[in-house]
Amino acid sequence: MNLSTAEEESSSAQEIHIPADINWEMLDKSKFFVLGAALFSGVSGALYPAVLMKTRQQVCHHSQGSCIRGAFTLVRHEGLRGLYRGFGTSLMGTIPARALYMTALEVTKSSVGSAAVGLGFTEGKASAAANAVGGLTAAMAAQLVWTPVDVVSQRLMVQGSSGLRCCNYVNGFDAFKKIVRADGVKGLYRGFGISILTYAPSNAVWWTSYSVAQRMVWGGVGCYVCKKDGENGNAIKPDSKTVMAVQGVSAAIAGSVSALITMPLDTIKTRLQVLDGEDSNGKRGGPSIGQTVRNLVREGGWTACYRGLGPRCASMSMSATTMITTYEFLKRLSAKNHDGFYSKS
């Protein structure tokens, strides 16, 4: 999400002056984390139904039809609360996980970006490298908290789905106790390896795609939208609304690209964390990765790995757009000095 004073030149020698990025050293940390918890809790609540429907489609042993039809069926039987199964558990874990993620992201981006510029990289390449390494590091750090939260909340999400071998849980705490009693603490980290393999490259792809997409949008649509501001001179100074619009479009593009590339891994990860299986001795336990892949292919061919792609693309695009605009807004609210970050048109 690096906007660091990128200057794009068109054939008419116009320049786009984009506000400088707010790095880690410029943030009021206490305000950053408190406001971040509040803002991202609201965003998570708005997007949770799409995540729930994606999860239910991924673990179902047969096609359930469209996601929208499934959502209406769920609401008809359980009311709107059915779309928020496991939300309390997810929210409790998301707050510390998000704090860990944001810290790792900003610290890594700041360090890698400075190092890349010092090594002679151009600003664009340094930005892409910093975003990629930052996303990779942040995802790996956050999975220490997110994996147990996923295991518990996803099991609550899929309760009541037909044909699933899954215990019944009263609430998140009950699910936590039953999982630990049955499998020990390692049961909470079921699928941890595949989660790292899913989210680490997914975040690296997302942040790199976002950095590249943002420069492409500024070079195309950004110039067109801001053209009227450059009629009396060569300098184009977009206002805050234009900056947020470009960030949102770039984030949606990056979300779709990332969802498409990492969908098979996400489907395998979700099944590993939710479904129970049996080992060679007939004992209950989590299925292996190989067994999970074989079951998927047997149920619907290789396309079964892309079950829930529609809601995942929609969820990741909406999430990316709302998250990035919220995140940039949060950084500017938390900056030690608010003045001079946006150039008014």
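Helices are DSSP runs of H or I with at least four residues, numbered from the N terminus. The close-ups below show a predicted model, in which local features need pLDDT of at least 70 and side-chain atom pairs count only at pLDDT 80 or more, while totals for chains, interfaces and linings use all residues. Residues are numbered from 1 along each chain as its sequence is written, and side-chain values use heavy atoms, with hydrogens and water left out.

View 1. Asp174 and Lys178 are both part of helix H5 (residues 172-183), where 4 residues, about one turn of the helix, separate them. Their side chains form a salt bridge with an N to O distance of 3.3 Å; the term denotes a side-chain nitrogen of Lys or Arg within 4 Å of a carboxyl oxygen of Asp or Glu. Asp174 is buried at 13% relative accessible area, whereas Lys178, at 28%, is partly exposed. Buried means under 20% relative accessible area, exposed over 50%, and partly exposed in between (1.4 Å probe, protein chains only).

**View 2. The salt bridge between Asp150 and Lys269.** The closest N and O atoms of Asp150 and Lys269 are 4.0 Å apart. This pair links distant parts of the chain, with Asp150 in helix H4 (residues 123-157) and Lys269 in helix H7 (residues 240-274), 119 residues apart. Both Asp150 and Lys269 are buried.

**View 3. The salt bridge between Glu78 and Arg85.** In this pair, 2.5 Å separates the closest N and O atoms. Glu78 is partly exposed, with 30% relative accessibility, while Arg85 is buried at 18%. The structure holds 7 salt bridges.

**View 4. The largest pocket.** A pocket is an open set of points on a 1 Å grid over the protein atoms alone, where a 1.4 Å probe fits, with protein on both sides within 12 Å along at least five of seven lines; lining residues have an atom within 4 Å of a point. Of its 18 lining residues, Thr89, Val152, Leu156, Gly172 and Phe173 lie nearest the centre. Helices H3 (87-118), H4 and H5 are the elements that give two or more residues to this lining.

**View 5. Ile253 in helix H7.** Ile253 is located in helix H7. With a relative accessibility of 41%, Ile253 is partly exposed.
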